[in-house]
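Here are my notes on the model you sent over.

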Amino acid sequence: MSECLRLKKSNCKNCYKCIRHCPVKSIRFSAGQANIISSECILCGTCFVVCPQDAKEIVDETEKVQVMIQGEDPVIASLAPSFIANYDGVGIESMKEALMKLGFADVQETALGATQVKREYDRILTEDQPDVLISSCCHSINLLIRKHYPSLLPYLANVLTPMKAHCTQIKRDTPNAKTVFIGPCVAKKDEAENSGGVVDAVLTFEELTAWLKKEKIGLKKEIIPEDKSLTRFFPTTGGILKSMRRDAPGYQYLALDGVENCMAALEDIKNGQLKHCFIEMSACPGGCIGGPVMEKYRRSPVRNYIAVASFAGRKDFEVPQPAASDMKDIYLPAAQLTVKPAEHEIVQIMHEMGKYKPADELNCGSCGYNTCREKAIAIFHGKAEISMCLPFLKEKAEGFSNVIVKNSPNALIVLNASLEVQQINQAAMNLLNIRYQTDILGDHIVRVLDPKPFVKVVENRRALTNQQVYLAEYGRYVEQTIVPAEDGRMLVCIMRDVTKEEDDRKRKEEISMETMEVADQVIDKQMRIVQEIASLLGETAAETKIALSKLKESIQNE
């Protein structure tokens, strides 16, 4: 299958929205990135529509068409009948005028081919009388049956789609023409690529709108009524049935839209519970007017239906009907054989996901799969990862967090914005003399601690770190840190008991003071001794001086 729908990896944010909405779960996750499994994808475009990051993109063929127009061969557009719902009040004449300004040689309605297709359905029901006949107009439904219900291919009408039938007619009338289908469908790009040259390119309405805007070509709001245009009803749910004769004896005519509804009907057919009926199937809710590229995010089912119904006539287009052999198409199985895991392998994966008993299987669907068992099978096939299980991750994170909190030597208290205790660990309970968690959980912090620093953190939304606090009631010194959570709705208080360190510090200070006092006493005593010695020495020196003076005088007198 062509990669007309692909992923922009840089945009994928692990939201799993695409796999939750994918009806056939054809998306694989690896290293947190979504990857489309082309062998299973039915190109319904749902992932493109629901992706909040625009990580899915449709391959744009505008440049390819522009190159074709520059060539020598005429390029003729086949315009899907849903255009009337996409371009408000713009009829086929106005669309033709605008497209020919872009360089198209002609513009025709795909509804012409739809007329040939519905006539062939009527012929098959009347002449061949199959038990069950499923319409083949929707390429996504055709892919659904080929890839996921290959045993039901005998019930799929082997008839060309309206796009192929119309483009075949264009090339029959103008042999050297290039054909370009324009519509609201992603799957048509794949169908065209595998059409054997019947359809040369496909543009979506989004691509056409962007091209017209770039060339500054406006669309004139004008609708000219045409009574012979019944198959313009085709893009609505039940639109095929509205255009058919529905006169085959004994048949029931049913119309279904949405892949899930169609899959339910296919299951009934598979189980033999539907008989003798013609079933119109459309992958998109509401039909093609609910297509993924009906100008994305512009869905309005009621107004779109009214636009189509007002535009459609009451009679068939006047187109030649090809021979039955020329209306045939071949739909081959495209299913991939997958190995079914053994029960013990599923159980092992379930255990790795933390699912040990039925009560553990929440089947919440957050991973995108309907049941935990389906998820386990997807993991076995390499389509999913264990980390996609939100409850598993939550329990794992909480378990890891609880281990840290429980075994931390520091006291931890978690408060809400109202300063009510939400969580407390054993170290904090020991520090604050709390016997049971229930004695404090839900109570205001004022019961056990001074609320002032907590109020300050709430008001300023700034952490207080490494504040030394004396808890007089408990006779403890703590180093306290209060941190607000990012959203400001939670506070975390971390307290490290530094009482022993504080006691040691005080003891050292006391010893230092005592040492200093002893040193002062020693110094004083030594100073007194020195002074006494100095005094004695002073008296002796004076007496000696007197004696010597007298001796000197005596000698002089002689």
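**Notes on the predicted model**

1. You'll find tryptophan 211 in helix α10, which covers residues 205–214.

2. What does tryptophan 211 touch, if residues up to four places away in sequence are not counted? The list is Thr62, Val65, Gln66, Ile69, Leu102, Phe104 and Leu203. One of these, Phe104, also turns up in a nonpolar core, the second one described in point 5.

3. With 3% relative accessibility, arginine 232 counts as buried because the limit is under 20%. It sits in the loop between α10 and α11, the latter being residues 239–243. Setting aside neighbours within four places in sequence, arginine 232 is in contact with Pro81, Ile92, Glu109, Ala111, Glu226, Val308, Phe311, Ala312 and Phe317. Note that two glutamates, Glu109 and Glu226, are among them.

4. Now the cores. The largest nonpolar core has 59 residues, and Leu144 and Leu266 have the most contacts inside it. Helix α12 (residues 259–270) supplies the largest share of this core, 6 residues. Leucine 144 touches Val24, Ile42, Tyr149, Val259, Met263 and Leu266, again not counting residues up to four places away in sequence.

5. There is also a second, separate core, this one of 34 residues. Its members include Ala77, Phe104, Val180 and Leu230.

6. What about the overall build? The protein has 19 helices and 16 strands. Its radius of gyration is 44 Å, well over the 24 Å that the globule rule gives for 558 residues, so the protein is more spread out than a compact globule. The C-alpha trace spans about 175 × 60 × 40 Å along its principal axes. As a pair to pick out on screen, tryptophan 211 and isoleucine 533 are 116 Å apart in space, C-alpha to C-alpha, and 322 residues apart in sequence.

7. A few totals to finish. Of the 558 residues, 45% count as buried. Among contacts with a separation of 6 or more, 69% come from residues 24 or more positions apart. The accessible surface comes to about 29400 Å², and carbon and sulfur atoms account for 52% of that. As for charge, there are 70 positive and 75 negative side chains, with the centres of the two sets 3 Å apart.

Methods. Residues numbered from 1 in each chain as written. Predicted model: local features only at pLDDT ≥ 70, side-chain atom pairs only at ≥ 80, totals over all residues. Heavy atoms only, no water. Helix = DSSP H or I, 4+ residues; strand = E, 2+ residues; numbered from the N terminus. Contact = heavy atoms within 4.5 Å. Core = buried A, V, L, I, M, F, W, Y, C linked by side-chain atoms within 4.5 Å. Buried < 20%, exposed > 50% of the residue type's maximum accessible area, 1.4 Å probe, protein only. Rg over C-alpha atoms; globule rule 2.2 N^0.38 Å. Areas by Shrake-Rupley, 256 points an atom, 1.4 Å probe, with all protein chains shown as cover. Lys, Arg positive; Asp, Glu negative; His and termini not counted. Charge placed at Lys NZ, Arg CZ, Asp CG, Glu CD.
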